[in-house]
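Trainee: I have a new entry open and would like a short walk through it. Where do we start?
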Number of protein chains: 2
Amino acid sequence: MRVGVIGGGQLARMMIPAAIELGVELRVLAEAEGMSASLAADRIGDYTDTETVLGFARDVDVITFDHEHVPQDVLRALVDAGVPVRPGPDALRFAQDKLLMRERLSELGLPVPDWARVETPEGLDDFIAAHGGAAVVKTPRGGYDGKGVRVVRSAAEVAEWFATVAEDGRGGALLAEELVDFRRELAQLVARRPSGEIAAWPVVETVQVGGVCSEVIAPAPHSPGRLADVAADVAITIAEGLGVTGVLAVELFETTDDRILVNELAMRPHNSGHWTMDGSTTSQFEQHLRAVLDLPLGGTGCHEDWSVMVNVLGGPAQGSLTDRYPEALAGHPTVKLHNYGKAPRPGRKVGHVTAIGEDLDEVVYEARAAAAVFQD
Amino acid sequence: MRVGVIGGGQLARMMIPAAIELGVELRVLAEAEGMSASLAADRIGDYTDTETVLGFARDVDVITFDHEHVPQDVLRALVDAGVPVRPGPDALRFAQDKLLMRERLSELGLPVPDWARVETPEGLDDFIAAHGGAAVVKTPRGGYDGKGVRVVRSAAEVAEWFATVAEDGRGGALLAEELVDFRRELAQLVARRPSGEIAAWPVVETVQVGGVCSEVIAPAPHSPGRLADVAADVAITIAEGLGVTGVLAVELFETTDDRILVNELAMRPHNSGHWTMDGSTTSQFEQHLRAVLDLPLGGTGCHEDWSVMVNVLGGPAQGSLTDRYPEALAGHPTVKLHNYGKAPRPGRKVGHVTAIGEDLDEVVYEARAAAAVFQD
């Protein structure tokens, strides 16, 4: 069994251990030398170039992804060549274009923030006026980790975005959304096989700092019962409605008036699921491989009551993560460390730690303390 | 951090996931193309050739092993060249030569079966006569998985072994041991850093069929308390007394008269520790890497009350392990499967499965049933 992964970042890297255990040969098309997943890099190339991608795909059983940025024409060329692509282009376009995603989720009757397609500054100012004087504006494409997202009180604050989208030949529109008054952010991960089987992990709480995921608590405190059921239902409806195969991450808002609204989607393993590597029977990386290979899915139970994952961002100002190993490993023998093999740079995700246990306060403390060793 | 592993079998393969998570670059000197650990194979070469091994070792921080068969002169050449070798040659010779091992353990006052160095058939017949008419005879070197071990009632049954050892230039002796009346076999795994820190997992019960490990139950039933303490003390005494670094596996007999006797040693990750990958906070492969890099050791607690590992031997008579995945994975979603990427052959260890849980009967049933799917 051979799986081809487009993109050589940490998500591809973390698929390697799962592939080794399952006896799956993983081949990565990396963007450059020395990337996180370089151990499995079969070749280096441009994922926007159809010939490169077709050549890479020739000897694999299925193509999947480290990111959602492969252009639709390249994806279609793979499908036309008879290569199984999971998730497929029809699903991926909803992860690639936030306007399409909002339209489709609304059609499916799913709970989303109020939103509008705005093509002019005037249209945006009208939306702002109708939504309490503020809006979240998003570029439909290319944003991640808080990039391409801005909270504004006037269209003038995103004037240059209107100029950019007017020139990109894709309709010239921005996405405007109500500024949701939320209590906390949640994420629901599921995996779906082409044959239809779906498995869901428990809904988790995610803590973002500056638009970047900082911490994940699994399961989300006070979630068992209605909240967990609603979150799972929403994600399953999306996975089925959009025809997603592989892992789907649904980022959710829990509003102050107790509604669950869909924020963003990712059709691949996701930062909010890293805890599964140490906290669940089946990691999201193993499950993703099973799903894209159309193999039966694994159990999604938890080893302990609580799992807490904390990202290591940036890393030490001087030196590398490994310089801090003696202190981090000696002080936190039960915390699991994951090093992405990336050069530390401010704000960059270079690793994460996970603690599991029965006492939430203790688990949170352990995970944060271990992560803190790596940050100045 | 770069670790060089001599030998490309499944033990080296299973170090790869641990290395990826720890951000350790693993480089394998494999015996041939297409071996289990080929993903990390840096080069193919003969581990008995000093120049090959010295060349391989040039760019790594430490050398460790997938097996114990690297000759002492090659090991000494590495040490002379300033390469950290863990475990080092002074420790490894006790894993390479069972006569040396018996002598050293006896010196350390450790409990071992009655044994003798026998150089002639007459000497062996005397030993047999003094031990109830039977003995276990072992070639001091080169045996594993039941090879080089024979239960005999007369020296005539190993006449050709005397002829062989007489010619190998190593003293011409065989090891004779009393045939121990044991209730069951146990194994105690520990890991030791050069700086002295030691960590022990719980003692486990191992079930052998035809001299090959078939099943491991962790912890060994009815072991907590005195038995666990004795087993851990024995292994720690050996690790310190022999100067072992990395993982040490001590195979033990629990006799019908309630003694614990040391059977065999292995100075590397061991089949009896595979359960740790799914059942313990720190897998034996991660711990081995930490230990040989002289990093602080990880926690050795268990996720659940029981972990049971069952080897997959031989595999399907027709086809490959993956042909059975739909049945195995659908029927056993909580069992963890480890495929060594080896061509199935009768009796060959090609993978293992591990189940964990609170009810021992259920866990044993699950693990055996999952393994059985792969065997005709």
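Mentor: With a definition: copies are superposed by least squares on the C-alpha atoms of residues with pLDDT of at least 70 in both. Chain A can be laid on chain B that way with an RMSD of 0.0 Å, by a turn of 180° and a shift of 0.0 Å along the axis. The two copies are thus related as by a two-fold rotation axis.
Mentor: This is a predicted model, where local features need pLDDT of at least 70, side-chain atom pairs count only at pLDDT 80 or more, and totals for chains, interfaces and linings use all residues. Residues are numbered from 1 along each chain as its sequence is written, and chains are lettered from A and ligands numbered from 1 in the order in which they are written.

Trainee: Which residue of chain A comes closest to the rotation axis?
Mentor: A:Pro17, with its C-alpha at 2.2 Å.

Trainee: New topic: is A:Gln96 buried or exposed?
Mentor: A:Gln96 counts as buried, because it has 20 C-beta neighbours inside 10 Å. The cut-offs are 20 or more other C-beta atoms within 10 Å for buried, 12 or fewer for exposed, and partly exposed in between, with C-beta atoms placed from the backbone.

Trainee: What does A:Gln96 touch?
Mentor: A:Glu68 and A:Arg141, leaving out residues up to four places away in sequence.

Conventions:
Contact = placed C-beta atoms within 7 Å.
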